[in-house]
Amino acid sequence: GKAIVVQSITNATQISQCHIVYVANSGRKQFKGLAAQLSRQAVLIVSERQLGDGGVMIALPLVDNSIQIQVDLKEAQSGGLTISSKLLRIAAVTR
């Protein structure tokens, strides 16, 4: 029953209204400038890149023609988020 709104983020003030931020490859440079501000908010950060880009909590890289799910628990916990145990069962987890 809740609305889903998709929008492009260009500055940190827009992030305060978000629950999930998806970082596409094309937005990596802009994301690096916002990463520190995002870490102070309970916002789930998802990216198509592999883990290792600071701030990304869930990565969905294409590996051998299939999407792999990677979860960085340390990043999620530092953002005040808890990842579902159901997701953790099917993901590659980094602690």
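**Leu 88 and a few others**

Leu 88 comes out as partly exposed, because its relative accessibility is 24%; the scale here is buried under 20% relative accessible area, exposed over 50%, and partly exposed in between, with a 1.4 Å probe and protein chains only. Before I go on, some housekeeping. This is a predicted model, where local features need pLDDT of at least 70, side-chain atom pairs count only at pLDDT 80 or more, and totals for chains, interfaces and linings use all residues. Residues are numbered from 1 along each chain as its sequence is written, and side-chain values use heavy atoms, with hydrogens and water left out.

Back to Leu 88, which sits in helix 4, residues 85-90. Helices (H or I, at least four residues) and strands (E, at least two) are DSSP runs, numbered from the N terminus. What does Leu 88 touch, not counting residues up to four places away in sequence? Val 71, Leu 73, Ile 83 and Val 93, where contact means heavy atoms within 4.5 Å. Take Leu 73: it is 15 residues from Leu 88 in sequence, and the two are 9.3 Å apart in space, C-alpha to C-alpha.

Now the overall picture. The protein has 4 helices and 7 strands, and along the sequence they run α-β-α-β-β-β-β-β-α-α-β. Of its 95 residues, 32% are buried. If you take contacts between residues at least 6 apart in sequence, 27% of them join residues at least 24 apart.

Next, strand 6, residues 70-72. Gln 70 is in that strand, and Gln 70 counts as buried because its relative accessibility is 8%. Its side chain makes a polar contact of 2.7 Å with the side chain of Gln 68. By polar contact I mean a pair of N or O atoms within 3.5 Å; within protein, one must be able to donate a hydrogen and the other to accept it, and residues adjacent in sequence count only if both atoms are side-chain atoms. Leaving aside neighbours within four places in sequence, Gln 70 is in contact with several residues, including Leu 51, Met 57 and Ala 92.

Asp 72 is in strand 6 too. Which side chain of opposite charge is nearest to Asp 72? That's Lys 74, 7.3 Å away, so by definition there is no salt bridge, even though Asp 72 is buried. A salt bridge needs a side-chain nitrogen of Lys or Arg within 4 Å of a carboxyl oxygen of Asp or Glu. For charge, Lys and Arg count as positive and Asp and Glu as negative; His and the chain ends are not counted. What the Asp 72 side chain does reach is the backbone nitrogen of Glu 75, at 3.1 Å. Not counting residues up to four places away in sequence, Asp 72 touches Leu 51, Val 56, Met 57 and Thr 94.

Last stop, the loop between strand 4 (62-63) and strand 5 (66-67), where you'll find Asp 64. Asp 64 is not a glycine, yet its phi is positive, near 50°. Asp 64 counts as exposed because its relative accessibility is 72%. Asn 65 lies in that loop between strand 4 and strand 5 as well. Asn 65 has a positive phi of about 65°, and it isn't a glycine either. With a relative accessibility of 75%, Asn 65 counts as exposed.
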